[in-house]
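User: Could you take a close look at one part of this model for me, the place where the two chains meet? I'd like a connected walk through it, with a few residues picked out along the way.

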Protein chains: 2
Amino acid sequence: MTDISFIAVDWGTTNRRAYAIDANGAVLRTERDGDGILAVPAGGFPDAAAAIRGRFDSDAPMLLAGMVGSNRGWVDAGYVPCTATLDAVAAATVVAGDGIRIVPGVSRSADGRGDVMRGEEVQLFGAVAAGLAPGDALLCQPGTHCKWAWMAAGAIADFTTAMTGELFSLLKAHSLIGADMAAGDVADGDAFRAGVEDARTRDLPAALFGVRASGILGLHAREDAASYVSGLLIGSDCHARLRGDARDVYLLADPVLGALYATAIDIAGGRAHLIDSHAAFVAGITRIHARIRQDPI
Amino acid sequence: MTDISFIAVDWGTTNRRAYAIDANGAVLRTERDGDGILAVPAGGFPDAAAAIRGRFDSDAPMLLAGMVGSNRGWVDAGYVPCTATLDAVAAATVVAGDGIRIVPGVSRSADGRGDVMRGEEVQLFGAVAAGLAPGDALLCQPGTHCKWAWMAAGAIADFTTAMTGELFSLLKAHSLIGADMAAGDVADGDAFRAGVEDARTRDLPAALFGVRASGILGLHAREDAASYVSGLLIGSDCHARLRGDARDVYLLADPVLGALYATAIDIAGGRAHLIDSHAAFVAGITRIHARIRQDPI
């Protein structure tokens, strides 16, 4: 395709999404597959990138983001410390191959508290750049490791990662309450909301044992356990982040997880706004690409 | 042995401890093995109990406590609701065989919060009966599922169980930070104390991800990860239980775990007193046995 300005790849641990983007930032074509970095053999990244160019029939520049820039990926692209601007991130992209660059992650380490992100920064910049969220805002990216980012003048001023999704998976797969959690699916109903309410006490280790005890005592239906635990974990995350005044939260999430977080944010006194994470990624990576072209490093 | 008044067995899920006790409540002989209820085949409890009598060369009455009274044990001995007195628990013992009784557990379900214990109640009653703790006191039994019991006039008025030890094991065996946690043993040092301090924020899902991020950023040594996570979890437990005024906590624990909890209780503003959990069990089971003999049910 001759109209392709550059090829962007959101290259995660287990999944990958490639976009062919034209000079106006419009997506000409996209493809998604399971060839995350864990599926790429040692030394296989140049071929994997060439294969994407081949499928898009283009030798356009490539700009990669996500775990492909980690120490388990193609090249370790490092981290830009907070406050991280789009310009600083664009200036820190790393050359991985011919016409191929990788976006660095973002870190914070003030007050002895360390945190890192890799891949999420593109969505955050893009959400603001595309007008999906204000330049001064709290953004949330739910998932295995849920990111909460405080943006200031369009830059990433600070952020916190919570192991929310991973804890849910661990508890379901391996804990005393795992069998109860397997008895029903997570739904945005009374049990989920009760979990969010109970999370106000911020006493997760006791609340989790309560699931088992309540089951034994017949206080709750086993089928509700997964929804309740999801409410406890997502609620813990939202109550911790929404201390003080009620605030707007811009959610970059799929509809299912987004709806659960929206409910929890509402209970925690915030206001949730769901925005399109794919549109945010495309807007962010296009701005970073434009910045690199404008002032080649 | 002809001096044996009764045989007490603290019969848990994976371990078992039997005591031959004389008419004065003194322990004549004790044995410990790994034949917890999971090691007893279906229908095998009568033979397992007879074998203990055989080894003690006695056909004295037996009084069993712990998971042997659960729905996975010999006979489901049910639960006595809070406020639970020693007399009420003694009156609710269940006959399992010839001269063999099982002590019930204790439950609480006020305000929709369910909790259960099974086996710990004997130590709690015994700690007070033997004068190891006052009749009105907060007692703590650390472990896989840490129990905190509020005693009033020697009865169990209320209690809370926290999944503290199980969460530590899950995180070490299965989580993103498990490899870091395997790099060093838990010790009562600076990293443990930093974890207890950081637990004040009551933001466990974020603090746990911070272990990973701090490792990547080189803020903390990997060898300290297990101690820090232990501090986070034990600290979360202690901060949640010691809200408000500083209080005395009577710890029924082995020396290693007892020392960690004592440090965390101190940081959380309490005062820890380590007491002997085996002595408490013997005192408790002897009082329950005496109550049953005095007023056979």
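Analyst: Chain B and chain A bury about 3,200 Å² between them, and carbon and sulfur atoms give 70% of that. On the chain B side, three residues stand out: Met163(B), Pro205(B) and Phe209(B) supply 19% of the area that chain B buries against chain A, more than any other three residues. Keep in mind that this is a predicted model, so every value here is computed from predicted coordinates.

In terms of residues, the contact takes 44 from chain B and 44 from chain A. How do the copies meet? They do it through the same surface, because 100% of the interface residues of chain B are also interface residues in chain A. The geometry goes along with that: a rotation of 180° with 0.0 Å of shift along its axis puts chain B onto chain A, at an RMSD of 0.0 Å. The two copies are thus related as by a two-fold rotation axis. If you want a landmark for that axis, go to Arg202(B), whose C-alpha comes closest to it of the residues of chain B, at 2.9 Å.

Now the polar side of things. There are 10 residue pairs in polar contact between chain B and chain A, counting pairs with both residues at pLDDT 80 or more. As for which elements are involved, β8 (105-108), β9 (115-117), β12 (155-162), α4 (164-174), α7 (204-216) and α8 (225-241) of chain B each supply at least two residues of the side that touches chain A. The most comes from α7(B), with 10 residues. By type, the residues on that side of chain B divide into 19 nonpolar, 14 polar and 11 charged.

The rule also finds 2 salt bridges across the interface of chain B and chain A.

Ala240(A) sits in helix α8 (residues 225-241) of chain A. Leaving aside neighbours within four places in sequence, Ala240(A) is in contact with Arg202(A) and Asp203(B). Is Ala240(A) buried or exposed? Its relative accessibility is 1%, so Ala240(A) counts as buried.

For comparison, here are two residues whose listed contacts belong to chain A. Gln123(A) lies in helix α3 (residues 120-129) and, at 15% relative accessibility, counts as buried. Its side chain is joined to that of Gln141(A) by a polar contact of 3.1 Å. Beyond the neighbours within four places in sequence, Gln123(A) touches Gln141(A), Leu252(A), Ser277(A), Ala280(A) and Phe281(A).

The other is Thr286(A), in helix α10 (residues 277-294) of chain A. Thr286(A) is buried too, with a relative accessible area of 15%. With neighbours within four places in sequence left aside, its contacts are Phe6(A), Ile21(A) and Gly25(A).

Notes. Residues are numbered from 1 along each chain as its sequence is written. Chains are lettered from A and ligands numbered from 1 in the order in which they are written. Side-chain values use heavy atoms; hydrogens and water are left out. Copies are superposed by least squares on the C-alpha atoms of residues with pLDDT of at least 70 in both. Contact means heavy atoms within 4.5 Å. Helices (H or I, at least four residues) and strands (E, at least two) are DSSP runs, numbered from the N terminus. Buried means under 20% relative accessible area, exposed over 50%, partly exposed in between (1.4 Å probe, protein chains only). Buried area is the accessible area (1.4 Å probe) that two parts lose on being put together, summed over both. A salt bridge is a side-chain nitrogen of Lys or Arg within 4 Å of a carboxyl oxygen of Asp or Glu. A polar contact is a pair of N or O atoms within 3.5 Å; within protein, one must be able to donate a hydrogen and the other to accept it, and residues adjacent in sequence count only if both atoms are side-chain atoms. Ala, Val, Leu, Ile, Met, Phe, Trp, Tyr, Cys and Pro count as nonpolar, Asp, Glu, Lys and Arg as charged, and the others, Gly among them, as polar.
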